[in-house]
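Dear colleague,

Please find below the structure for your review. My findings follow directly after it.

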Amino acid sequence: MPRTATAVRPMPSPAKEKIMKKSLKATLLSASILALGASIAFADDNDAFTLQSGQDNTALILQSGVGSNVAGSSDHAITQDGDDNTLRIEQIADDIRGGRQNFVGAGSVDAVDNDYAGFLQQGDDNTATIRQDGDRNRVFQLKQIGNDNGATVSQTGSFNGVTSISQSSDGNSVSVTQTGSQNLVGRSQYRALPRSSQNETESGIYQNGGNNTLTISTVGDRNRTYVAAQNSTGFAAGNQASLEILGSDNGQTGFGTGFAAGLGMDSRFVVAGLERSVVRQTGSNGLDVTINGNDNAYGFIQTGTAGLTASVRGSDNQLAVGQNIGIGQALRDDAIVTITGSGNDVGLNQTTNSGASARVSADIDIDGSNNRLGITQTQNGNATSSLVVSLVGSGNNATSLGGFTGDAGSIFFNRTPGYLEQGGSNNTMELKVGAVGSPSDNNLFSMRQSSSNNTINGTIMGSNNQAVVSQSGGDMATFTQNGSFNNIGVRQ
């Protein structure tokens, strides 16, 4: 029989009200440590539920053993209602019984009710800290409602998961750290929560409000982050997210072919329930991404005023980036991507649907060989765009050297290889291939600008490089090639 420990804040007598109103501390030791005195015991199949109402409460739940411990469920939620409350949960277990697990906020993984939560903090300035050591542990649902709340989850081991964390209002923070292999953020290991709409009923991490921060750190291989979303629409302050990946084969198994499968528009981004490796931001937001390793694949979607800074070090990684400015918004989108390594694939799509003076910019810096790059910037109204691509390395966009040929294939133009495109007027594009002391060979780029008053500047240092330039009219193109067997085709 599992044992159940319940801590409920009592109603204090008037004589004790002054003493008790400041703090109530509930400590649950489900490993029978208290019952056995100073000796250490390892129990399992423990359940812990706690309810606290008021201010300045603290609760500590410690569970150890071989597994199957539960802290909070949909039937008996861990609940703190009030301000300045603190809850800490530590579950440490050895998975020696073939898949026994520890759960926080447990319940049916098919629940879609917004009120469903096995772990709920309601109020301001609350903190929740969860630590799970071992394998096959889960944080199913953690929900915080109010301002300036903080949630920290740390999981060490393999096959662990964080199914759903949601926060609403301003000044909240989420930090998720996973160390090990085959861990997940945003779906059960077995199946996802139903995805009937784009709100917190989805599995993943969700922050609605302004001035929120989100940090996801992953160390290990074959880990998955499915959905992490921030929405600051209607709030004065924007949100900030940070994604740090150290390891290989993280994100997903790949987007398909070339330019992160169609400039970030892979069907797996948009089919409800099948989003993979997506950090999604709406409003005024910023995103910092650091990836060190090989064969990682991640997608990022930003709508509104957005800033993306991404650093990728390794080989055969894929990045899909979509940035969009809505109708009537005088906003700005910026993307800075730095890649060091070979065989990486980047698809970037920046779009303005605005009649206002919106502006987008992209700065791409690549140091390595056999990388593939596709960028589109599509502007409407008075919007403008700028693009700078700097590359040192050989064989980039070469597609096994099967593209273009003489006079850049008589100005052959399509989306491959090395596709760079700007739509609209008053745009600028700059391409720099090679550097003094670092000539770069066998690189291919096709560049296109539609409408008028656009400018393309290109400098190529190296041999056997090819470039195609297509402009609609009233535009300017300036190109310099230093080396042997280079060729360029220009159509205006």
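The chain exposes about 19,300 Å², of which carbon and sulfur atoms supply 51% (Shrake-Rupley method, 1.4 Å probe; for residues, only the protein chains shown count as cover). This is a predicted model, in which local features need pLDDT of at least 70 and side-chain atom pairs count only at pLDDT 80 or more, while totals for chains, interfaces and linings use all residues. Residues are numbered from 1 along each chain as its sequence is written, and side-chain values use heavy atoms, with hydrogens and water left out.

Of the 492 residues, 53% count as buried (under 20% relative accessible area, 1.4 Å probe, protein chains only). The secondary structure comprises four helices and 35 strands (DSSP runs of H or I, at least four residues, and of E, at least two, numbered from the N terminus).

Phe103 belongs to strand 8 (residues 103–106) and Phe140 to strand 11 (residues 138–145), so the pair ties together parts 37 residues apart in sequence. Both Phe103 and Phe140 are buried.

Asn454 occupies the loop between strand 31 (444–449) and strand 32 (455–461), and counts as buried at 1% relative accessibility. The C-alpha atoms of Asn454 and Asn426 are 4.9 Å apart, although 28 residues separate the two in sequence. A polar atom of the Asn454 side chain lies 3.1 Å from the backbone oxygen of Gly424.

Kind regards

How values were computed
Buried means under 20% relative accessible area, exposed over 50%, partly exposed in between (1.4 Å probe, protein chains only). A polar contact is a pair of N or O atoms within 3.5 Å; within protein, one must be able to donate a hydrogen and the other to accept it, and residues adjacent in sequence count only if both atoms are side-chain atoms.
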